[in-house]
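Let's walk through this structure together, one piece at a time.

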Amino acid sequence: MSEPLLQVKHLATEFQTEQGLARALDDISFEVNAGETLGIVGESGCGKSVTSLSIMRLLPKPAGNIVQGEVIFDGQDLVQLPADDMHNIRGNRIAMIFQEPMTALNPVYRIGRQLGETLALHNPKMSKSDIRDASIRMLERVGIPAPERRLKEYPHQLSGGMRQRVMIAIALLCNPEILIADEPTTALDVTIQAQILQLLKDLQQETGMAIIFITHDLGVIAELCDRVLVMYGGRIIEQADINTLFDKPGHPYTRGLLKAIPRLDQPPKEELSTIRGMVPSLFDFPPGCRFQNRCDFVQERCRQETPELETYNDGQQVRCFRFRELVNE
Ligand SMILES: Nc1ncnc2c1ncn2[C@@H]1O[C@H](COP(=O)(O)OP(=O)(O)OP(=O)(O)O)[C@@H](O)[C@H]1O
Ligand SMILES: [Mg+2]
């Protein structure tokens, strides 16, 4: 087996807040292999974005800090890397796209300039006409019609789906080995969402890049991912390949998420099942398992001790004392 492309080891990230230190990530470990798509799923606030911002070293400063752990990429620990070296990796070898393209695109620059500056930054010797040609080719590749004309337009002149394609184009200009996509389709309507997912799949086939795809939607995960991390309250509570996750979800939380997916092949139920209760705030987690107040299988032990993330068959990892009983039901 070749080395994983990226290894996140025991990562912990904290924010300084008015209420004190908030530990947004607690002992996160996972790997990304070359060419694969890893999904990260979980409800709002579970730490999906903080995970990607920690990897990219883009945490809001000075409040956000990685306080423990390593992010090994190409033999080096990104957490310890000098800022200049990290700058070279970011956008070049690891690129990121966001939910709302307007936050990543500059509203006062034409599309052509935004693509051109990215290219020039990473290829200082490139001529103006080469930059223009490469920009047009990239817009074509992400399915933007009439790219010559688009180069002269401003972001606000494009539809949401087209803006998302431009952001993907910018992210891909430097042939990243890893693309981190943080909910890139949630703001789009379902048809456009499906087109963007297909585009990412096609681009991955062409380039062989790995994708870390972040979403709260297990339906999207099913479309796209080879492997999935399920996060809850800043911890990984399950990690499995896509078939295992859907066939025999291990953690009660994962089961709850799966039940909440609307199924097109079944008559609609009166009400979509959702997981009861709410995620506590980072300051209110009880000792023991963080899911205990919402779990149908909770026992006394779950309130006292924190379960470890244990590895079972097929490499499935589950953080639950009752996993063995539950799978044999
Ligand atoms: N700048 C910040 N200051 C303080 N706490 C923060 C900050 N950014 C994030 N957090 C906290 O870290 C936790 C994880 O947030 P994160 O943004 O990673 O959630 P998420 O899983 O991406 O949620 P969503 O699905 O809503 O995007 C939350 O409890 C959040 O309140
Ligand atoms: Mg987020």
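On the H7 side, the contact is made by Gly161, Gln164, Ile168 and Leu172, and on the H8 side by Ile192, Gln195, Ile196, Leu199 and Leu203. Please keep in mind that what you see is a predicted model.

How do we describe such a pair? Two packed helices are described by the angle between their axes and the distance between the axes. For H7 and H8, which spans residues 190–207, the axes come within 10 Å and cross at roughly 15 degrees. An angle under 35 degrees counts as roughly parallel, and H7 and H8 are therefore roughly parallel to each other.

H7 has another partner to look at, helix H4. The axes of H4 and H7 lie 9 Å apart, and the two helices pack at an angle of about 20 degrees. H4 and H7 are therefore roughly parallel to each other as well, and H4 passes H7 in a right-handed crossing. To find the place where they meet, look for Ile111, Gln114, Leu115 and Thr118 in H4, which face Val166, Ala169 and Ile170 in H7 through contacts.

Now follow H4 to its meeting with H5. At what angle do H4 and H5 pack? The angle is about 115 degrees, with the axes 9 Å apart. Angles of 65 to 115 degrees count as roughly perpendicular, and H4 and H5 are therefore roughly perpendicular to each other. Their crossing is right-handed. The contact is made by Gly112, Leu115, Gly116, Leu119 and Ala120 of H4, together with Ile131, Ala134, Ser135 and Met138 of H5.

H5 deserves a visit of its own. This helix runs over residues 128–141, 14 residues in total, and reaches 20 Å from its first C-alpha to its last, close to the 20 Å expected at 1.5 Å a residue. Which residues of H5 are buried? They are Ser135, Met138 and Leu139. These residues cover an arc of only 100 degrees around the axis, which puts them on the same side of H5. The other side of H5 carries the exposed residues Ser129, Asp130, Asp133 and Arg137. The cover over the buried residues of H5 includes helices H4 (111–122), H6 (147–151) and H7 (160–172). After H5 comes Gly143, with a positive phi near 80 degrees.

Compare that with helix H1, at residues 48–56. Here 7 of the 9 residues are buried, so H1 is largely enclosed by the rest of the structure. The buried residues of H1 are Lys48, Val50, Thr51, Leu53, Ser54, Ile55 and Met56.

The next stops concern the backbone. Most residues other than glycine have a negative phi, and most peptide bonds are trans. With that in mind, look just after H1, where Arg57 takes a positive phi of about 55 degrees. Pro62 sits in the loop between H1 and strand E4 (64–73).

Where is Asp74 found? It is in the loop between E4 and strand E5 (76–77). Asp74 is not a glycine, yet its phi is positive, near 50 degrees. It has 11 C-beta neighbours inside 10 Å and so counts as exposed. Asn175 is another residue of this kind: although not a glycine, it has a positive phi of about 50 degrees. You will find Asn175 in the loop between H7 and strand E7 (178–182). With 12 other C-beta atoms within 10 Å, Asn175 is exposed.

Our last stop is Phe30, in strand E2 (residues 20–32). Is Phe30 buried or exposed? It has 20 C-beta neighbours inside 10 Å, so Phe30 counts as buried. Leaving aside residues up to four places away in sequence, Phe30 touches Val8, Leu229, Ile236 and Gln239. Take Ile236 as one of these: it is 206 residues from Phe30 in sequence, while the two are 9.0 Å apart in space, C-alpha to C-alpha.

How values were computed: Residues are numbered from 1 along each chain as its sequence is written. Chains are lettered from A and ligands numbered from 1 in the order in which they are written. This is a predicted model: local features need pLDDT of at least 70, side-chain atom pairs count only at pLDDT 80 or more; totals for chains, interfaces and linings use all residues. Helices (H or I, at least four residues) and strands (E, at least two) are DSSP runs, numbered from the N terminus. The expected span of a helix is 1.5 Å times one less than its number of residues. The arc is that of the directions from the helix axis to the C-beta atoms. Two residues are in contact if their C-beta atoms, placed from the backbone, lie within 7 Å. Axes are lines fitted to C-alpha atoms, for helices over the stretch in contact, and angles run from 0 to 180 degrees between N-to-C directions. Angles under 35 degrees count as roughly parallel, over 145 as roughly antiparallel, 65 to 115 as roughly perpendicular and the rest as oblique. A crossing is left-handed if the near helix is turned anticlockwise from the far one by less than a right angle, and right-handed if clockwise.
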